[in-house]
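Visitor: I have a few minutes and a structure to get through. Can you walk me over it, one feature at a time?

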Amino acid sequence: TLHGLYSWVPEGVRSQIREFLQRKLQPRGLAMVSYNAMPGWAHLQPIRRMVQAYAASLPGDSLAKARAAFDYVTYLAEQGAAYFQVLPAATAHLKTLQQEDIRYVAHEYLTPHGDPFYFADVEAAMHDIGLSFAGSMSPAANYRELIASPQFQDLLATAPTRSVLETHRDFIVNTAFRQDLYSAHPRATGTSEVSIERLDRIAFCLTNLPERLPLTRRQGALQYDLSAQAEAVQAVHRVLAQGPARASEIHAALPGATAAQTSSLIQQLVVSQHLAACQPVRPSAGWLALNSALIRSALREKLVQVPLACPLTGSATVTEPVHAASIEAGVQFDDAQSAARHVLTGLRTYAHPVKRTDASGNEQPATDAQILEYATATWRALRDPANPDTRLLRLFGLLS
């Protein structure tokens, strides 16, 4: 694993790294290589040179130099220096750097080595030592349908090689950082499709209510666009809203889709966090004693969040302790008043700090009456089959 290394050393060291990989990787061995990438770093290289030029004559250690140099380039931007006027993305980048630890700024901008690379250059260097590109460590980036918006899909479909596809992608999304996986065996020449038969060994469920699963996401590390397949996606959602299903059952709900298309769609939905592997049948055990123990622990330790085990997925969903305690009481008590009193007693026994946001947006300690009202409302919601929170709890297998 080479993280935060390949771009930040001179070429002589990079050559030694490649020689090391060539000697040490066993057949089918894997190497992850992260690096600053082009074209996303194109407008950042001048900032780096500005910082280094200004910091070179300053006294103090690297952190003091980084602070002073960052103030310098910020001043240039605020005073309307032409570079920043022509490239507003550079100004926006300075604003994001304001949120970073100054040590990161020193690492990225003061070190003598910090070269960005085009994907094709790194791939060629790895090919020379017998390594083949195996894919991106970001799962969504390995699916053509997810890496770009619909208007670019025809272009991506014409890419003759994976290298060209990756180059298209980097320019479409303006990639500034890559995490690539290389394998010590020849590039596969056969099909990369995963058959329905292989997927049929796994049952799938929804990760949220259908109406809460977006077709597009443009923020954060996971970005995707499923809008071109909206009808098929919604059909899958309808099937799994009834309970877990296998790939063959999902395929049956997609008339006109080939087995390969269904397999691809299932994979895209897993990567997009719409679907998850799960138990083949919905659990009927109901509330788990484990979740009661997790709630008690959260109250005792004054935690602001508590994970609740989901029997269906084998994972967890996270919520606030007061909400989790209200769900537990709603399951255990047949009347709302008893449930609400149980919640209040638990919170006050452990002196758990419960706050609520007032009309002005300020947090205030919750009163006994407010806690009782909240717990009572939760008890009633659990008995309303149309309530979204109740539907979600049943979907996850937290309620029978």
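Visitor: At about how many degrees to β2 does helix α9 run?
Guide: This is a predicted model. Helix α9 covers residues 162-173 and lies across β2 and β3. Its angle to β2 is about 40 degrees.

Visitor: How do β2 and β3 run relative to each other, parallel or antiparallel?
Guide: Strands of a sheet pair through backbone hydrogen bonds, either parallel or antiparallel. Here 4 bridges join β2 to β3, residues 177-183. Ser132 stands opposite Ser183 in β3. The two strands run antiparallel.

Visitor: Is β2 mostly covered or mostly uncovered?
Guide: Strand β2 takes in residues 132-136. Buried means under 20% relative accessible area. By that cut-off, 4 of the 5 residues of β2 are buried. So β2 is mostly covered.

Visitor: Which strands stand at the edges of the sheet that holds β2?
Guide: The sheet is open, has 3 strands and pairs antiparallel, in the order β1-β3-β2. Each edge strand has a single partner, so one side of each is left without a neighbour in the sheet. The edge strands are β1 (30-36) and β2. From one strand to the next, the twist averages 35 degrees.

Visitor: Which helix packs on the sheet and touches β1, β2 and β3?
Guide: The sheet order is β1-β3-β2. The helix in question spans residues 119-127, and its direction makes about 25 degrees with that of β3. It is α7.

Visitor: What is the strand order in the open sheet that contains β4?
Guide: This sheet has 3 strands with antiparallel pairing. Its edge strands are β7 (245-246) and β8 (275-278), each pairing on one side only. The order is β7-β4-β8.

Visitor: Which residue of β7 stands opposite Ala203?
Guide: β4, residues 203-206, pairs with β7 in the antiparallel sense. The pairing covers 2 bridges. Opposite Ala203 stands Arg246.

Visitor: At about what angle to β4 does helix α11 run?
Guide: Helix α11 covers residues 230-240. It lies across β4, β7 and β8. Its angle to β4 is about 100 degrees.

Visitor: Is Arg201 buried or exposed?
Guide: Arg201 is found in the loop between α10 (196-199) and β4. Its relative accessible area is 67%. Exposed means over 50%. So Arg201 is exposed.

Visitor: What distance separates the C-alpha atoms of Arg201 and Pro150?
Guide: Along the chain, Arg201 and Pro150 are 51 residues apart.

Visitor: Which residue in the turn between β9 and β10 has a positive phi?
Guide: Strand β9 (residues 306-310) and strand β10 (residues 315-319) are antiparallel, joined by 5 bridges. Ala309 has Ala316 as its bridge partner in β10. The two strands form a hairpin with 4 residues between them. The turn residue with a phi of about 75 degrees is Gly314.

Visitor: How does α15 pack on α16, parallel, antiparallel, perpendicular or oblique?
Guide: Helix α15 (residues 321-332) and helix α16 (residues 336-349) pack at about 140 degrees, with axes 9 Å apart. Angles over 145 degrees count as roughly antiparallel, and 65 to 115 as roughly perpendicular.

Visitor: How many nonpolar residues are in the contact of α15 with α16?
Guide: On the α15 side, Val322, Ala325 and Ala329 are among the residues that meet α16. On the α16 side, Ala339, His342, Val343 and Leu347 take part. The contact also has 4 polar and 1 charged residues. The nonpolar count is 6.

Visitor: What is the handedness of the crossing of α16 and α17?
Guide: Helix α17 spans residues 368-382 and packs on α16 at about 130 degrees, with axes 8 Å apart. The two are therefore oblique to each other. Their crossing is right-handed.

Visitor: How many charged residues does the contact of α16 with α17 have?
Guide: Contributors from α16 include Arg341, Leu344 and Arg348. Those from α17 include Asp368, Ile371 and Trp379. There are 10 nonpolar residues and 1 polar residue. The charged count is 3.

Conventions: Residues are numbered from 1 along each chain as its sequence is written. This is a predicted model: local features need pLDDT of at least 70, side-chain atom pairs count only at pLDDT 80 or more; totals for chains, interfaces and linings use all residues. Side-chain values use heavy atoms; hydrogens and water are left out. Axes are lines fitted to C-alpha atoms, for helices over the stretch in contact, and angles run from 0 to 180 degrees between N-to-C directions. Contact means heavy atoms within 4.5 Å. Ala, Val, Leu, Ile, Met, Phe, Trp, Tyr, Cys and Pro count as nonpolar, Asp, Glu, Lys and Arg as charged, and the others, Gly among them, as polar. Buried means under 20% relative accessible area, exposed over 50%, partly exposed in between (1.4 Å probe, protein chains only). Two strands pair if DSSP finds at least two bridges between them. Angles under 35 degrees count as roughly parallel, over 145 as roughly antiparallel, 65 to 115 as roughly perpendicular and the rest as oblique. A crossing is left-handed if the near helix is turned anticlockwise from the far one by less than a right angle, and right-handed if clockwise.
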